[in-house]
Amino acid sequence: MSTAHAARKRRTTTGTDGPRAKADATRTTAAGPAPAGPEARAGRAEHRTALLAAMLRIRRFEERCVELYSATKIRGFVHLYIGEEAVACGVNQALTPDDAVVSTYREHGHALARGITAAAVMAEMYGKTTGCSGGRGGSMHLFDAARRFYGGNAIVAGGLPLAAGLALADHLRGLPRVTCCFFGDGAFAEGEFHETANLAALWDLPLLLVCENNLYAMGTAVERHEAQTDLAMRAASYGMVAWAVDGMDVEAVERAARRATDAIRGGAGPHFLEMRTYRFRAHSMYDPDRYRDKAEIERWKQQDPLDRLTARMREDGELDDAGLAALEHRVDDEISAAVDAAERAPVEPVDGLTRHVTGGAEGAG
């Protein structure tokens with residue numbers, strides 16, 4: 001038996017906590033014991049404030065996109081991340097600038113959490129040259145090579161093989177990097193997921209697979225397209241460590257992501273996190289959202305990740321009304337400045353449209 005095969009067998013049968021931790025064990029909302037000293041408590045408060053600010057930035061950015069789309073300032077397909085902010089913000093806490101991120105078409109939150117500025121993302125939404133993709137990608141194709149953010153992808157599950165390739169390249173070069181791939185529960189049913197999971201486990205790739213299970217693949221409930229709805233358990237069948245996480249709790253997400261990335265960097269191979277989350281808005285701005293019960297949506301809103309962290313911080317004396325108002329004001333100013341900059345930014349001139357096109361100007365006719 002080869003060394004790699006033996007390691008995979010050990011992970012499957014034992015692993016750190018077995019092939020998957022029980023979902024109940026990872027869905028806790030408790031933040032753990034309070035830090036012992038004043039400096040530790042201050043550090044926790046500062047970190048929580050940063051998490052809340054990151055989620056608030058995504059929420060307000062997306063809400064402004066709704067307004068701009070309705071005013072026809074933004075065109076094309078727009079897929080909102082409202083309700084899922086804890087996943088992007090929590091996972092990115094465990095990633096370094098050298099790590100890679102591959103996203104989906106519901107990517108605004110991932111891009112902002114990765115550090116792409118609101119101005120660069122908003123300009124891309126407008127199709128302006130100052131956008132992070134030069135105005136050529138729009139909502140579904142945000143890229144930033146400097147931040148190793150390898151985009152959204154309009155194809156369901158299309159990012160998974162790309163993520164495997166990035167992870168393989170780093171693995172072959174001996175670089176201590178992690179590639180993180182976000183995808184939805186709908187992508188789990190695609191062949192690309194299963195091919196990627198198989199090869200990642202076979203080759204011990206440093207790949208973190210983050211499934212944002214928001215219960216609806218476009219407009220189909222997960223129990224209508226998956227015979228076994230415990231996605232973490234199914235992912236574990238490939239010989240990788242996998243477990244479910246409360247995706248509406250940003251601190252639970254961060255803890256899970258740090259545990260997974262620490263293990264991956266230590267040579268434990270790919271890990272799979274099933275983030276059990278929920279989108280509060282429709283699949284896209286075109287979607288009438290008639291497939292979900294309104295009462296269900298309201299029940300999930302009671303677990304709003306922003307409200308949950310805010311309540312926890314208030315309870316621990318880390319946030320008051322004035323602090324929250326100041327945070328809101330700062331984020332609102334940032335988003336407003338991004339919109340103003342996008343409004344003023346230029347569109348690409350016609351004579352530049354053949355740039356970056358395969359074959360160049362001579363073959364563009």
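Me: Between which two helices is the loop where Ala-157 is found?
Reply: This is a predicted model, in which local features need pLDDT of at least 70 and side-chain atom pairs count only at pLDDT 80 or more, while totals for chains, interfaces and linings use all residues. Residues are numbered from 1 along each chain as its sequence is written, and side-chain values use heavy atoms, with hydrogens and water left out. Helices (H or I, at least four residues) and strands (E, at least two) are DSSP runs, numbered from the N terminus. On that numbering, the loop that holds Ala-157 runs between α6 (118-126) and α7 (159-172).

Me: Is Ala-157 buried or exposed, and at what relative accessibility?
Reply: Buried means under 20% relative accessible area, exposed means over 50%, and partly exposed is in between (1.4 Å probe, protein chains only). Ala-157 falls under the cut-off and therefore counts as buried, with a relative accessibility of 8%.

Me: What is the phi of Ala-157?
Reply: Most residues other than glycine have a negative phi, and most peptide bonds are trans. Ala-157, a residue other than glycine, has a positive phi, with a value near 75°.

Me: What relative accessibility does His-356 have?
Reply: His-356 also has a positive phi, near 70°, and lies in the segment after α15 (321-344). Ala-157 counts as buried, whereas His-356 counts as exposed because its relative accessibility is 67%.

Me: How many of the residues of α4 are buried?
Reply: Helix α4 covers residues 85-92 and is mostly covered. Its buried residues include Glu-85, Cys-89 and Asn-92. The count of buried residues in α4 is 8 of 8.

Me: How many residues apart in sequence are the parts tied together by Glu-251 and Arg-48?
Reply: The side chains of Glu-251 and Arg-48 meet in a salt bridge with an N to O distance of 2.9 Å. Glu-251 lies in helix α12 (residues 250-265) and Arg-48 in helix α3 (residues 38-70), so the separation of the parts they tie together is, in residues, 203.

Me: Which residue caps the N-terminal end of α12?
Reply: The 16 residues of α12 should span 22 Å, and the end C-alpha atoms are 22 Å apart, which agrees; the expected span of a helix is 1.5 Å times one less than its number of residues. At the N-terminal end, a side-chain oxygen of the capping residue lies 3.1 Å from the backbone nitrogen of Glu-251, and that residue is Asp-249.

Me: What is the phi of Gly-267?
Reply: Among the buried residues of α12 are Val-250, Ala-257 and Ile-264. Gly-267 comes just after this helix and takes a positive phi of about 95°.

Me: How many residues apart are Phe-188 and Phe-272?
Reply: Rings of Phe, Tyr and Trp (its six-membered ring) pair if their centres lie within 6.5 Å; planes under 30 degrees apart count as stacked, over 60 as edge-to-face and the rest as tilted. The rings of Phe-188 and Phe-272 have their centres 6.0 Å apart and their planes at 75°, so the pair is edge-to-face. Phe-188 is in helix α8 (residues 185-188) and Phe-272 in strand β7, and their separation in residues is 84.

Me: Which residues do ring pairs link with Phe-188 and Phe-272 into a cluster?
Reply: Both Phe-188 and Phe-272 are buried. The cluster that ring pairs form around these names also takes in Phe-183 and Phe-193.

Technical notes: A salt bridge is a side-chain nitrogen of Lys or Arg within 4 Å of a carboxyl oxygen of Asp or Glu. A polar contact is a pair of N or O atoms within 3.5 Å; within protein, one must be able to donate a hydrogen and the other to accept it, and residues adjacent in sequence count only if both atoms are side-chain atoms.
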